[in-house]
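Try each task yourself, then walk through the solution.

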Amino acid sequence: MISFAFRKHSRTTLLCDGLNPTTKKETRSLSRFCFLKKRGMSESNYEKICEVPTDYGITFTKYKSNKTGLTVALADIEAPLVNGYFALATESFDDFGCPHTLEHLVFLGSEQFPYKGVLDTLANRAIAQGTNAWTDVDHTCYTITTAGSEGFLKLLPTYVDHILYPTLTDSGYHTEVHHINGKGEDAGVVYSEMQGCQNLGEDRIHLRMRRIMFPEGCGYRSETGGLMERLRELSVEKIREYHRNYYRPDNLCLIITGTVDHAKVLKALEAVEANIISKGPLPAMQRPWIETGNFPSLEKDIVETVLFPEEDESMGTVLVAWNGPMCHDYLQQKALEVLNVYLTESPVSVLQKEFVEIEDPLCTDVEFHATDHLKTTIMLTVSSVPIEEMEGFPNHLFATLQRLVEQNEIDMSRMKNIIEKEMLKLLDDIERDAHDTAAAICISDFLYGEPDGRDLKESVKDQEFLNVLAGFQVSDWLDVLKKWYLDSPHVTILGKPSAQFADQLAEEEKKRIQKQRTDLGETKLEELQNKLEEAMTKNDVELPHDILENFTIPPVSSINFINVLTARNDDGCTVKINNEIQDYVNKDASTKIPLFIQFDHVQSRFVKVSAHISTASVPSHLLPYTRLLLKAIFSLPVERDGEIISYEDVVTGLSEDTVEYDAGLGTSSGFRELLVFTVKTEETKYQKGIQWLQDILWNTQFTAERLKIVAFQILNDIPQAKRDGHSMASAAMRALQFDASKSANAARNVLFQSNFLQDVVQKLDNDPSSVINDLSIYREALCHPDNIRIHVTGNILKLNAPRTSFAPICSRMQHPQQALVPVTLAQNLLSPAGQEPGQIGAVVSLPSIENSFSLQTVKGPSNFEDPDIPALLVMAELLDTMEGIFWKFIRGQGLAYSCFLSTDVEAALISFTIYKSPDVSKAFAQAKLVIDQLANNEMEIEPSSVDGAKSAVIYSLVARENTMDRAALQSFVNQVLKQVPASYNRNLLSAIQATTMEDLQHVLKKYFVNMFTPGKCNIVAVSSPSKSEEIRDGFGLLGFKLESMNLNDFSI
């Protein structure tokens, strides 16, 4: 049973952290733990509590130490990656944010290893990409993912030492949590993070809901991330006290997922056990949540309005919340889960049909979530509600639910299909992300389950619960609906955007800072700046080299890669392949199939068929239709055998025959000029999946009614999309850097869609045939055999007629097969300013944000086999990895929450992103200083850092293919889209290991220097209006001329 809680506060939303290096040295190494092993430790300390097999192939095993109380939960998963989730039950009764601030401070050093960044530095050498953590309302979880188990086991004792025995220094608190700088501004990594989210609509709405739902004295009510006003009052001693109370071995569960030897895990923990025992006994502890988590239920309905800052006041959010069942009432939880899917999952669901799939939509989405607390909370989020409809929406919602009861309106045929599909979806989730799924089960059991494992055994009986639900009648389902949604009191929050509130918040903050500066005075401000610099120096004690040298990097040979076997349809195929999969496909040769098809064989319960279709032949003026086409295509009527199938029956049929279906642009590896249409089915429904693909591509009927509904849905979602600073930086850069007359990806830009879709809606009212004709021409341009590349993923040997099942599609093709149209690369669709970076400079004002964001691009390699690529990847990792150079000099000085580099060979561009910065021009200036010093040899790169960066890059390549689905996709991307060997990623591993210091200097000067040189790079910054001028001037001092813009200035 898996459900989701409130917003988690993560140590890294994207990546990065650190400070300035000093020269102080000490000598410690990982052997520090060795003496502890002599104190009688053995794995006999650990008792096996339970072993729990599941219907979906994962076996859980739980151990507990009878000496320390430390819990170890192992989930056996066949995969190349090993994941660690180290969870503590954390309960807070105020808004100071102790759980969140402590999560950050843990990474600044430990008792055995008192060096900031040692954990992330060693993690990179363990073939990982640093570490991470999140803070949820009821627990804190520290994570690590390594390629293979060898590095994981080596790092495990050091990680646990950081969790149980962190340094928690005054200087660490000062830089990482909160301080006032020399300008009188509040700063600190945690403070900046909360500044960026505290006044977002979602956060304000959910916090108010929690305040109403949960009584005083209940930890679920608190803001565990920390409210800014409380963070300004917090002290490091309060955090230390919180650590003493909750960070104890008997309140810690080490969850490990992947392929790892249980005995070796317990062996690796011997030194940890001995160290814990050496500290002496701990006082008794009341288990968190068990006493306080069962709070009184609501007694009456409550409706409140919450304002959030936003210039566009057209769309708001409605949140409805109910008390749910206790977390161990698994059958009732599963019943609600299935009922919620029935009510909201697809365009034919009750609430979607009532509110979304109508000509004048009352919202763009309705979605249920349930928290995984001792007593659950059920939440219904209604997105993008027109402001004039908000007051009446709750009544309409409950009237609709009441109607179901009064009219006995449950479609048992659709309910039966949903129940059958729920188990398939779980099996699919396990194949796609077994680690997180298993970890969620273990965390919930650790927090709320019985220690003997009885609840863990019950929590994984999904099939058993679904079998019970299969026997429910209409009255049973209506009883569930009445009990939890109609007869139970609820909280309704109307989240309304307000430009006046945005101005009010900005003015209040401006006055507060001015008063703070005045109250402190120049002398005190100077003292505060000196204190900050002293803290930064104290934090940066140099990491002794012997610690790194004693932590040897595991060999790549220790990683177990997923094996993918490829076959091709032989019609017109120039590549000759010899393996058992190709032999099997070749035997299915009764019919000519004039299509390019690549089959990638992996061990899977499902088969996925994807059509990757080039948009190169689509007329330029039709490209803006791309977003509308992709969103509408699976919910349109279909003509089959001369009969019209309604869109409702199409959606129902897809739900019955497929596990998943999707239409989108490109893949996770890019290639956004390809439209990708995907259906995933059980193996036995392979032909049905292909039939649906044929119907979607050739047989859909464009109707004015359906197109208008979908167009309104997109239009109503645009205001919400424009509230995200990071996304708007990317959208603005894409608008300026790509040619929207040639690029489908550029033409579908959210910045262009508002005006375009308003025109489309008007045409659908006055001249619908013109829109239908446009879309018909668009589709006809797509559906040529030379445009289409088919990818089939699954257990190919179990497919009946893998080739000839495509014969019906081939019969629809009216054009003779010709050579495949080349894959259109993003680099071929750049605007003149994109082809020659240095011409774009803009500061975009966005009233909904308090932080600033930026994106800059520079020319990069344009060939996937360019010899510079390995060194580029290593150099980028050196700069922006956790505890890397940018992490230390940018995040460590409070200049940004994170920053990161990306090499996009397809676009022939390298990008640098600054994320959540008080002033991106200052973060940019610091990054420029770092690059200049590196290029001029004024700053040295440590060889040990290079080794760690190589290891981290190797991890990232392994992570690209860490599941069956991803491994098969990489096979297709490499061989078909990139036109490189299937072994491309594996070949890169060797090239990365061979990268020299000279190679790094070469790419540094060739690419990265240009990133910070006027006339060589494009820059887009996004900021609140109050900071835009200051940011523009800051870039001006560095020689960059930026134009002030707002989102309405962008047009196609």
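**Exercise 1: the surroundings of one residue**

Find which residues Q598 touches, leaving out those up to four places away in sequence, and decide whether Q598 is buried or exposed.

Step 1. Keep in mind that this is a predicted model. Leaving out those sequence neighbours, Q598 touches T566, A567, R568, I790, H791, V792, S971, F972, Q975 and V976.

Step 2. Now place the residue: Q598 belongs to strand β17, which covers residues 596-601.

Step 3. The relative accessibility of Q598 is 0%, so Q598 counts as buried; the cut-off for buried is under 20%.

Step 4. Look for a polar partner. The side chains of Q598 and D600 make a polar contact at 3.0 Å.

**Exercise 2: reading a sheet**

Give the strand order of the open sheet of six strands, and say which strands are at its edges.

Step 1. Going across the sheet, the order is β26-β27-β25-β28-β24-β29, and the pairing is mixed.

Step 2. The edge strands, β26 (898-904) and β29 (1043-1046), each pair on one side only.

Step 3. From one strand to the next, the twist averages 20°.

Step 4. Zoom in on one pair: β25 (residues 852-859) and β27 (residues 909-917) run antiparallel and are joined by seven bridges. Here S852 stands opposite S917 in β27.

Step 5. Helix α38 (residues 1025-1037) lies across β24, β25, β28 and β29, at about 150° to β28.

**Exercise 3: two crossing helices**

Describe how helices α25 and α27 meet.

Step 1. The axes of α25 (residues 725-737) and α27 (residues 750-766) come within 8 Å and cross at roughly 75°.

Step 2. Angles of 65 to 115 degrees count as roughly perpendicular, so α25 is roughly perpendicular to α27.

Step 3. M728, A731, A732 and A735 of α25 make the contact with V750, L751 and F752 of α27.

Step 4. Sorted by class, this contact has seven nonpolar residues, no polar and no charged ones.

Conventions: Residues numbered from 1 in each chain as written. Predicted model: local features only at pLDDT ≥ 70, side-chain atom pairs only at ≥ 80, totals over all residues. Heavy atoms only, no water. Pairing = 2+ DSSP bridges. Helix = DSSP H or I, 4+ residues; strand = E, 2+ residues; numbered from the N terminus. Axes fitted to C-alpha atoms, helices over the stretch in contact; angles between N-to-C directions. Contact = heavy atoms within 4.5 Å. Parallel < 35°, antiparallel > 145°, perpendicular 65-115°, else oblique. Nonpolar A, V, L, I, M, F, W, Y, C, P; charged D, E, K, R; others polar. Buried < 20%, exposed > 50% of the residue type's maximum accessible area, 1.4 Å probe, protein only. Polar contact = N/O pair within 3.5 Å; in protein donor to acceptor, adjacent residues only side chain to side chain.
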